[in-house]
Amino acid sequence: MIHAPSGDTPAAYQRAYREAQPEPGGMVVRVNLEARESDWEFTSRRPTRAWTFNGQVPGPCIEARVGDVLEVRLTNHLPEPTTLHWHGLRLPAAMDGTDMVQHPIPPGGTFTYRFTLLDAGTFWYHTHSNEPVQLERGLYGAIIVRAPDEPLLDRERVFVLSDVMLDADGEVAPHDGADRRGGREGNVRLLNGTSEPELMIWGGQVERWRIINAAGARYVRLAIGRRPFRILGTGGGLLEAPVVARDVLLAPGERVDLAVGPFEPGELLSVVAEPYDRGVGQGGAEPFATLRVGPAAPSAASVRDVLRAITPLVDGPTTASREVSFTEEVTVEGEVEFLVNGERHHRADPVTVGELQIWDIVNASAVDHPFHLHGFFFQVIERNGVPTALRSWEDTVNVPAGGRVRIAWVPDDRPGEWMYHCHILEHHAAGMMAHFAVVRPSAA
Ligand code: C2O
Ligand code: CU
């Protein structure tokens with residue numbers, strides 16, 4: 001296990017990192033998750049009644065290899081029904097954890113999710129029931145799937161970013177609908193369930209940071225002491241080559257893998273969300289953690305120039321086969337509605353296995369919306385009519401206010417009921433989502 005090396009020395013971490021590098025998968029990874037209310041210290045001031053998996057926020061980090069079978073038995077000890085969605089994983093429709101494909105697990109009930117892990121990357125699991133409430137209270141966790149040829153750095157860490165709105169008593173404040181338009185951003189920012197922790201990296205070392213934005217609405221334009229880092233991967237795994245940047249935008253649901261460092265011993269850097277205006281106004285930089293650089297240690301990190309090849313799904317100009325439009329409308333009663341193609345909980349046309357999909361995601365509203373497609377990866381091919389230079393696989397992409405993002409994807413042979421939605425949880429709950437079927441050609 002990468003996260004618990006024996007002996008807190010740089011060499012122990014390097015050894016643990018290398019030992020965790022997988023042989024080809026093929027094992028069954030069994031995990032028991034219990035969703036239950038537990039005390040959790042989001043801040044050091046006082047404990048909060050949180051909703052947890054196995055008593056912790058985030059839930060246990062699940063680690064496996066490409067080719068392994070993941071079997072997760074979820075027992076629900078919460079006072080209300082719940083389900084688990086496996087964000088980014090290509091699994092059979094019946095395992096997707098939405099209420100289209102399963103009955104929510106009642107209080108006292110259990111359900112076993114079982115599927116093969118097909119892709120390497122940084123993924124996450126989260127409740128897919130009463131999401132604005134259940135997710136904020138703590139029902140989310142990371143899934144790391146490794147391939148045999150991962151870049152080798154000095155240490156690897158998983159950081160789940162989120163936030164929570166605590167009231168004066170330290171409890172999660174009730175949802176009153178006041179933050180419906182932009183979605184609710186908490187007043188406490190969290191890294192691995194803790195408010196603004198201090199992290200340590202050894203001088204001269206380079207670490208792989210797998211970062212997940214699990215917040216319900218908060219965008220994180222992540223910067224680390226405003227120093228350059230290398231982006232190794234995004235939601236659907238590694239890029240073709242590392243990209244140097246000083247900040248990277250993570251909309252809710254998105255992930256990024258970075259090579260961080262090296263830094264000089266004694267430096268103190270802050271891990272912050274730089275200002276980003278998603279249409280709801282913008283404040284200053286918001287700290288998530290402090291990074292202290294410890295004494296120098298030898299580095300054995302090596303990041304290849306070529307990480308992998310990504311075959312483009314399209315080559316040259318395209319025309320959209322479908323338009324998905326995100327709009328906001330104010331009803332005569334003054335309620336804001338969040339719609340897809342003019343409807344709440346839109347029913348979209350089926351797509352056929354093997355047929356190239358070119359979708360234009362159009363945001364006609366004045367706030368950004370992160371588009372998330374369940375169960376399949378896509379390539380972003382254009383933003384506002386401009387072809388994208390960087391090729392990657394994604395399951396979530398931000399569609400800026402007034403913007404248009406063209407994606408391409410091919411449904412592989414996993415027929416069933418699927419969905420896409422805005423990953424701002426209040427918008428999803430308000431109906432900014434669509435259901436559609438993936439069908440086999442004979443049935444089309
Ligand atoms: Cu992470 Cu339906 O979403
Ligand atoms: Cu939205």
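Author: Let's start inside: the largest cavity has a volume of about 80 Å³. On a 1 Å grid over the protein atoms alone, a cavity is a set of points where a 1.4 Å probe fits but cannot get out, and its lining residues have an atom within 4 Å of a point; its volume is the space filled by probe spheres set on the points, which are joined across faces, edges and corners. This is a predicted model, in which local features need pLDDT of at least 70 and side-chain atom pairs count only at pLDDT 80 or more, while totals for chains, interfaces and linings use all residues. Residues are numbered from 1 along each chain as its sequence is written, chains are lettered from A and ligands numbered from 1 in the order in which they are written, and side-chain values use heavy atoms, with hydrogens and water left out.

Reader: How many cavities of 30 Å³ or more does a search of the whole structure find? And which residues line the largest cavity?

Author: The search finds 2 cavities of 30 Å³ or more. Around the largest cavity you will see P132, L135, E136, S162, D163, H175, R184, A214, A215, G216, L425 and E426. The largest share, 3 residues, comes from α2. Helices (H or I, at least four residues) and strands (E, at least two) are DSSP runs, numbered from the N terminus.

Reader: You mention β9. How many of its residues are buried?

Author: For a regular strand, the general idea is that side chains alternate between the two faces of the sheet. In strand β9 (residues 155-164), R155, R157, F159, L161 and D163 point one way, while E156, V158, V160, S162 and V164 point the other way. Buried means under 20% relative accessible area, exposed over 50%, and partly exposed in between (1.4 Å probe, protein chains only). In β9, 10 of the 10 residues are buried, so the strand is largely enclosed by the rest of the structure.

Reader: Which strands pair with β9?

Author: Two strands pair if DSSP finds at least two bridges between them. With strand β13 (residues 207-213), β9 pairs in the parallel sense over 7 bridges, and there F159 stands opposite I211. With strand β10 (residues 188-191), β9 runs antiparallel, joined by 4 bridges; here S162 stands opposite L190.

Reader: What about strand β7: how many of its residues are buried, and in which sense does β7 pair with β5 and β8?

Author: Strand β7 (residues 121-127) has 7 of its 7 residues buried, so it too is largely enclosed by the rest of the structure. Strand β5 (residues 84-87) pairs with β7 in the antiparallel sense over 4 bridges, and the partner of L84 is T127. Strand β8 (residues 140-146) also pairs with β7 in the antiparallel sense, over 6 bridges, with Y125 opposite G141.

Reader: Which residues have the most contacts inside the largest nonpolar core?

Author: A nonpolar core is a set of buried Ala, Val, Leu, Ile, Met, Phe, Trp, Tyr and Cys residues joined through side-chain atoms within 4.5 Å. The largest has 60 residues, and W86, W359, F371, Y420 and F436 have the most contacts inside it. Strand β1 (residues 28-40) gives the most to this core, with 4 residues. A second, separate core of 27 residues includes L161, L191, L258 and L269.

Reader: Last, the backbone. Where are the cis peptide bonds, and where does N384 lie?

Author: One cis bond runs from V57 to P58, with omega near -10°, and P58 is in the loop between β2 (48-53) and β3 (62-65). Another joins G261 and P262, with omega about 0°; P262 sits in the loop between β18 and β19 (268-274). N384 lies in the loop between β27 and β28 (386-387). Its phi is near 50°, a positive value in a residue other than glycine, and N384 is exposed, with a relative accessible area of 54%. For N341, phi is near 45°, again positive in a residue other than glycine; N341 lies in the loop between β22 (336-340) and β23 (346-347) and counts as partly exposed at 32% relative accessibility.

How values were computed. On a 1 Å grid over the protein atoms alone, a cavity is a set of points where a 1.4 Å probe fits but cannot get out, and a pocket is an open set with protein on both sides within 12 Å along at least five of seven lines; lining residues have an atom within 4 Å of a point.
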